[in-house]
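Hello,

Here is the structure you are taking over. Please have a look at it first; my notes follow below.

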Amino acid sequence: MAIEVSDDGPGIAQSLLSEIGKRGVRADQLTPGHGVGLAIVQDIVQTYNGQINFSSDKESVRGLVIHIQFKLH
């Protein structure tokens, strides 16, 4: 089973893609927050033996894209 979530924001620098799933890391510094949302999602996905990947294409309409994959037994 696969889940894909994307937004229409400006995208994220490639250098941040490997970091945004960590607690305290935020790509958007313009709005208030603590940088835990994606870290919580990543923890939940890993608890259920899933894979989560982040991608971003600053050239397209889509900003951040989150790919979540679970193996069905």
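**What turned up**

Please keep in mind that this is a predicted model.

Start with Asn-49. Asn-49 sits in the loop that links helix 2 (37-47) to strand 2 (51-56). Its phi is near 60 degrees. That is a positive value, and the residue is not a glycine. Is Asn-49 buried or exposed? The relative accessible area of Asn-49 is 63%. Exposed means over 50%, so Asn-49 counts as exposed.

Next, the surface. Which residues form a nonpolar patch there? They are Met-1, Ile-3, Val-5 and Leu-72. Together they have about 390 Å² of accessible area. Leu-72 lies in the segment after strand 3 (64-69). Leu-72 has a relative accessibility of 67%. The cut-off for exposed is again over 50%, so Leu-72 is exposed too.

Last, the largest pocket. How much space lies in it? The answer is about 350 Å³. The pocket is lined by 19 residues. Closest to its centre are Ile-12, Arg-26, Ala-27, Asp-28 and Leu-64. By type, the lining of the largest pocket has ten nonpolar, six polar and three charged residues. Helix 2 gives the most to this lining, with three residues.

Finish at the pocket, with Ile-12 among the residues closest to its centre.

Best wishes

Note on methods: Residues are numbered from 1 along each chain as its sequence is written. This is a predicted model: local features need pLDDT of at least 70, side-chain atom pairs count only at pLDDT 80 or more; totals for chains, interfaces and linings use all residues. Side-chain values use heavy atoms; hydrogens and water are left out. Patches are made of residues with over 30% relative accessible area and no salt bridge: like charges are joined within 9 Å, nonpolar side chains (Val, Leu, Ile, Met, Phe, Trp, Tyr) within 5 Å. Accessible areas come from the Shrake-Rupley method with a 1.4 Å probe; for residues, only the protein chains shown count as cover. A salt bridge is a side-chain nitrogen of Lys or Arg within 4 Å of a carboxyl oxygen of Asp or Glu. Helices (H or I, at least four residues) and strands (E, at least two) are DSSP runs, numbered from the N terminus. Buried means under 20% relative accessible area, exposed over 50%, partly exposed in between (1.4 Å probe, protein chains only). On a 1 Å grid over the protein atoms alone, a cavity is a set of points where a 1.4 Å probe fits but cannot get out, and a pocket is an open set with protein on both sides within 12 Å along at least five of seven lines; lining residues have an atom within 4 Å of a point. Grid points are joined across faces, edges and corners, and a volume is the space filled by probe spheres set on the points. Ala, Val, Leu, Ile, Met, Phe, Trp, Tyr, Cys and Pro count as nonpolar, Asp, Glu, Lys and Arg as charged, and the others, Gly among them, as polar.
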